[in-house]
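Here is a short briefing on one protein model. Keep the 3D view open while you read.

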Amino acid sequence: MKIIIDLGGGLDVCFNGQKGFNIEINEGARMSDLVLHLKTICNPKKIEFFVQQDQLRPGILVLINDVDWELEEKEQYQLSNNDRVSFISTLHGG
Amino acid sequence: MVKYCQSCQTGRAFMIRPKTGNLICQPCFFQAFEEEIHYTIVSCNMFKRGEKVAIAASGGKDSTVLAHIMTYLNHKYDYGLKLYLLSIDEGIQGYRDDSLETVKQNQETYQLELKILSYKELFNWSMDEIVKQIGLNNNCTYCGVFRRQALDRGAQLLNVDKIVTGHNADDMAETFLMNILRGDVFRLPKSTQIITGDEDNEILTIPRSKPFKYTYEKEIVMYAHYKKLIYFSTECTYSPNAYRGHVRELIKNLESIRPSAIIDIIHSAEQLALPNNVKLPQKQLCTKCNFISSNKICKACTLLESLNQGRAKLQLEYQ
């Protein structure tokens with residue numbers, strides 16, 4: 001299934017300057033699977049800006065279809081085709 | 001499954017507020033965000049009618065939202081303030097030069113007078129030059145000290161009565177923990193004050209305040225995102241080596257377990273009091289530059305002297 005990815009707060013540096021792109025992932029994948037998938041396509045030099053071990057770096061906000069993932073089951077949320085997932089980093093100067 | 005806002009019961013919830021754990025919809029969130037800052041400003045008498053206020057602006061998320069909120073509240077509640085944007089160019093290539101473009105955009109959007117001061121013009125040293133000289137340790141110390149003086153000088157040139165900065169709750173909690181970890185007793189009482197520099201003493205400084213003291217960084221980002229405010233978001237080139245990074249990581253991990261931890265730290269910090277017999281450094285004027293100082297020679301001049309001595313030494317070597 002197709003997932004639409006949006007990057008904010010400077011996270012585009014982890015993905016070659018792309019602020020938005022689509023990815024293909026298997027049916028039934030959860031958010032935790034998505035994070036691992038993105039880890040594989042992340043610039044290896046910038047990986048610590050995005051993940052810590054296999055978890056999303058604390059301080060990165062996640063919106064699923066414009067709703068905070070904390071309202072859903074966070075990492076356990078099961079994705080659907082055409083879901084829009086936004087990752088917005090808060091870890092930079094104000 | 002749609003979840004509903006706990007404030008109005010009708011709107012679709014889009015977020016859980018970290019401060020309260022309540023589910024909230026967008027309109028209620030915007031309102032709560034704005035009203036809480038208004039309350040913070042009014043309850044500590046942050047401003048007086050007719051005052052000129054400089055908004056310290058970097059083009060980043062906090063100062064962009066600050067410019068937006070100050071303009072909005074000044075208008076909505078008729079604070080009667082004249083607002084300015086004050087920006088400091090530290091001279092960090094690839095970082096500050098880009099963010100200044102965002103400040104210029106802010107100037108257009110909010111129709112505010114903008115003043116930009118650079119380290120190079122004030123001190124004859126840009127941050128890039130400083131790092132070249134001293135290496136990657138302690139550069140934040142230089143930058144912080146110079147920025148404080150640069151803001152004071154900018155505020156004097158603009159002839160404003162007050163300065164506001166975008167320091168948020170996360171920043172305050174980090175600063176407080178940093179001072180605890182470093183055993184910096186002298187900085188502890190001031191580190192969570194909402195207004196600093198307005199003590200009744202003979203040496204006049206331009207007071208600074210932090211309207212976002214109780215505002216979570218997460219909410220600032222959410223507000224900016226949903227209001228489609230444009231800000232610059234890259235980590236400073238030199239920040240990976242900063243001490244604050246360790247404390248920030250701790251705070252972020254605490255927040256993920258218990259979101260109220262940030263505001264709890266601030267409340268605890270406010271309860272802290274130094275014993276009466278602790279003598280704090282007295283404020284005086286620097287004998288070199290005449291700016292406010294805790295010692296005969298202020299920190300900025302002390303740092304500058306060591307930089308200039310280093311530069312002079314290099315020049316001699318080249319001869």
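The points below cover the sheet, the helices and the nonpolar cores. This is a predicted model. In chain B, six strands form an open sheet with mixed pairing. The largest nonpolar core has 52 residues.

**Sheet**
- The strand order in chain B is E5-E4-E3-E6-E8-E7.
- Strands E5 (113–118) and E7 (195–196) of chain B stand at the edges; each has a single partner strand, so one side of each is left without a neighbour in the sheet.
- E4 (residues 82–89) of chain B runs parallel to E5(B), and six bridges join them.
- Leu86(B) has Lys115(B) as its bridge partner in E5(B).

**Helices on the sheet**
- Helix H3 (residues 96–110) of chain B lies across E4 and E5 of chain B, at about 170° to E4(B).
- H6(B) also packs on the sheet, where it touches E3, E4, E5, E6 and E8 of chain B.
- The direction of H6(B) makes about 140° with that of E4(B).

**The H5–H6 pair**
- H5 (residues 127–134) and H6 (residues 139–158) of chain B pack at about 145°, with axes 10 Å apart.
- Their crossing is right-handed.
- From H5(B), Met127(B), Ile130(B), Val131(B) and Ile134(B) meet Asn139(B), Tyr142(B), Cys143(B) and Phe146(B) of H6(B).
- This contact has seven nonpolar residues, one polar and no charged ones.

**Nonpolar cores**
- Phe29(B) and Val65(B) have the most contacts inside the largest core.
- Helix H1 (residues 26–43) of chain B gives the largest share of this core, seven residues.
- Another core, of 35 residues, lies apart from it and includes Phe146(B) and Ala150(B).
- Phe29(B) touches residues including Phe14(B), Met222(B) and Tyr223(B).

How values were computed
Residues numbered from 1 in each chain as written. Chains lettered and ligands numbered in written order. Predicted model: local features only at pLDDT ≥ 70, side-chain atom pairs only at ≥ 80, totals over all residues. Heavy atoms only, no water. Axes fitted to C-alpha atoms, helices over the stretch in contact; angles between N-to-C directions. Helix = DSSP H or I, 4+ residues; strand = E, 2+ residues; numbered from the N terminus. Left-handed = near helix turned anticlockwise from the far one by under 90°. Contact = heavy atoms within 4.5 Å. Nonpolar A, V, L, I, M, F, W, Y, C, P; charged D, E, K, R; others polar. Core = buried A, V, L, I, M, F, W, Y, C linked by side-chain atoms within 4.5 Å. Buried < 20%, exposed > 50% of the residue type's maximum accessible area, 1.4 Å probe, protein only. Pairing = 2+ DSSP bridges. Lists of a residue's contacts leave out its neighbours within four places in sequence.
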